[in-house]
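Have the model open beside you as you read.

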Amino acid sequence: MAGRVLELRVHGVSNTPPDQLLGLPPDPAGDPPRPRQVAGGAVTGFYRAPAGPDDPLVVEAYSWGQLTSGARTARDVERALWTLLLPFTLANVALHARPGIPPDPDQERWASRSGITAWLIRLFCLSLTGTVVLAVTGIGVDLIGWQCVDDDCLGRIPGPWEFLGHGWWSEGAHALAVGLLVPLGLLAVLALVSWRTYQYEAEMPADPGTSLFLRSPAAAPTDAAPPVAQPPEEPPPQPEPPPDPTNPLEDRTFWCGEGQLRRAAVLHLCTGAAVAAAVPLGTVLAMDPPRGVRAAVAWPTVVVCGAVLVIAVVGLSRPYLTRRAGATPLGPWSVAVAALAALGVTGTVVLLLLPDGPAGTPLAELRPPPGCAHDPGAPGCLADRSLPGYDWIIAWTGTGQLLLLIAIGAVARSGRRALVPPLAAGLLLVVGAVWVGGWLPLAPRAPEPLAMWMLAVPAVAVAAVGLALPRTRAADGVQPLEPHTDLAWGSRGPAVIAGSGWVLCVSNCAGLLYWVTDRLNNGATPSGRSTVIPPIPVMWAGLAFAVALFALAVTLARAALLFLGLRRSAYAELVPPGNNLSPHDLRRCRDVSAFRALHRLIGEHAIRLVGCYAVAATALVSVGCAAALSRTRPHPVDAAEGAAVVKVVTDVGDSMLGWLPVLVAAIGALVYRNDTVRRTVGVIWDVGTFWPRAAHPLAPPSYAERAVPELQTRIAGLLALTEHDPRRMDGIILSGHSQGTVICAAVILQLPARWRRRIWFFSYGCQLTRLYGRVFPAYFGPDRLPALAGALTMPNGWTGWTNFWRDTDPLGWAVNAGERDLAVRDPEALHPSGGEVADPPIRSHSGYPDAPEFQHERAQVARLLRRGVPSPRQRVG
């Protein structure tokens, strides 16, 4: 019986339909071909083209795109809202960008370089959750509960909120208790969404060699004759001992972290609740120190909220939370922190509902006076009457996050020694704040002109020294295999990726605060004379956002100039001096040179351009943190001359920030519905959601949590079938395109060695070296990627991996990690040939299976994998 080989194709980010993935032509009636689904369900499935049972080569397509791309259904709206959680996704990706992650997760120690970096990243992820909660708390507690005192302002809020401006609810801090419902409601929604997405992490790959394919013996009837003695059955083969891991992707629990996610989500949600309660609690304690009954409620509440934060900071470094171990229970610490958070919120609400005490100034005197909507000129109406201390909390949170990002980049690059400059900078800021405030004993008073904001930029400069330290030997890794394969951003990748998420998170939060303020002011410019005033850091965020867009435009202009230079160079190679090419061929050369220039621009310059923009953004953010600490507006209320220009730029930036969340959600919807947007913007989304949620549990789910176990089970299941089963395959060509190559690599590293010996890996449009190898060196770096080639090495010494690439493909490059690199010509010719009248297409990133090089290689590999085929020199019969 002739053997059969299966080519299993896995598509990339564009969610290629199964019929196109299989290369099926439309039928004569014009209807799209309908491949046959052979496994899977409605979301993910395996499809085959109509074929006979004796075909030696069977092509099968695995469609996973609906996990991220949708199918134009109601779930697309939910997935579009997930786009707003992109900051959490980027922060989670930063954990996997650390260099020096040991192959065995049990070998990682907290005090190691990768261990400390992981702890800092998890702390940063926790602070991102706090940032979102702070912004929503500002809406509920500051803008609505504190500053909205008139019926006109309260009437612009959807719902019956006018009662907050009358009677008992308008006294003291009672309205703040109602405002806490907004952040608590957001946390409830995040908890519900996260709980529903744990189904991805609950997907466990079955072991095809045991219970999945073994039939249960039938029970013998009670009245049957004694059974005839049968020869003893052969014992099942013992599983081979797993070898020492050489790549973290070989960890059996890498794609299964349901228990870890639940525990981390409890920690994040409880910390968010404590942060939300801390805003009004801190205001009450600072402005009206409690006594008597109020003190008996206030101080235990402070201790409880502080305990939640301490447990979170310590817990993020413990293996109990950081180790992925399947569906493990929550445990006593999770229950304890949930109970403490509930006590903290309850104590805060009780304190806010108690009457004001005689200890200090009544809080009612600090709130805006009523009637400002009808008489803006009344005393105190146009003064800044925002919630006391809220601006200070936002400014210090942002400054601390900046120092935390610098510490992440410094430790990832240079190890534990790089912690000294960021720690010194943080100590400098704390001591400086105490000194400027006059609270430092046995020290002279600070000079009168000295303010806290003046110390921010020098402190950041001190912290940045850690980023300039030389790389440790472990961070350098082995010698790069070829140019442009060194670690991205000088081993500072975790900080760059997490910083991108932070900037986007701050922009979304500032835009949301500005948008709500604008609506409460009935369209009046919040930065001018208005009754409801946004936090001062929001005004500075608008100005910084406008400057950041200008810096982005400069970076894009630099990229355009590089592209033009690369295109001229590629055109000169195609068109030598003194050529006699026709105008048609010259036009075709210009088209080809544009694709080759884009190939080189992305492969050689994209990461460096991103690094340059990150440097400019760091400087801008440092100045922005100092400005936020100044507690002054970017411009006067009545701006004139040069200040008027600053006011216009600030207002434009704030307005753009106000629509930024809507724009991000709209782009997210287009990603799921428009193929062009999908291939451009969707790349970032699919790269981010490939990695499991090991750092931020509230990020969108990882599609690889479903795709990798399903592919693993499908491959091993087909290879484990018996000799006489018609579904049996003697070998499998695992064929991955673009992002599909990353999925296939993860699947191969998860499979046991007995199955890998019957697999050949085809990768095309592959970014394992120029993108994944540089940004994620612990998985695909120069010292880890050869492990994938080693896993595919046959006993006879052949390496079962062929990589196809084109010099017109912006995302496909040679790998050079021990596999066979095969260049694919594109286009096949400059002009029509063989009776064709149309120019051969420039396929760039698509159409690899149609190339002659691919089909020739597939035929040879299929012959190598096929069993039972006699040699042409052997006699048959």
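Cys270 counts as buried because its relative accessibility is 8%, where buried means under 20% relative accessible area, exposed over 50% and partly exposed in between, with a 1.4 Å probe and protein chains only. Cys256 counts as buried too, at 5% relative accessibility.

| Cysteine | Relative accessibility |
|---|---|
| Cys256 | 5% |
| Cys270 | 8% |

A word on the source: this is a predicted model, in which local features need pLDDT of at least 70 and side-chain atom pairs count only at pLDDT 80 or more, while totals for chains, interfaces and linings use all residues. Residues are numbered from 1 along each chain as its sequence is written, and side-chain values use heavy atoms, leaving out hydrogens and water.

The structure holds one disulfide, a disulfide being a pair of cysteine sulfur atoms within 2.5 Å. Cys148 and Cys153 form this link, with their sulfur atoms 1.7 Å apart. The link is left-handed, at -65 degrees about the S-S bond, and both Cys148 and Cys153 are buried.

Now to strand E5, residues 731–737, where seven of seven residues are buried. Helices (H or I, at least four residues) and strands (E, at least two) are DSSP runs, numbered from the N terminus. Gly731, Ile733, Ser735 and His737 lie on one side of E5, with Ile732, Leu734 and Gly736 on the other.

Which strands pair with E5? Strand E1 (residues 5–10) does so in the parallel sense over six bridges, and strand E6 (residues 759–764) also pairs in the parallel sense over six bridges; pairing requires at least two DSSP bridges between two strands. Ile733 is the bridge partner of Glu7 and stands opposite Trp760 in E6.
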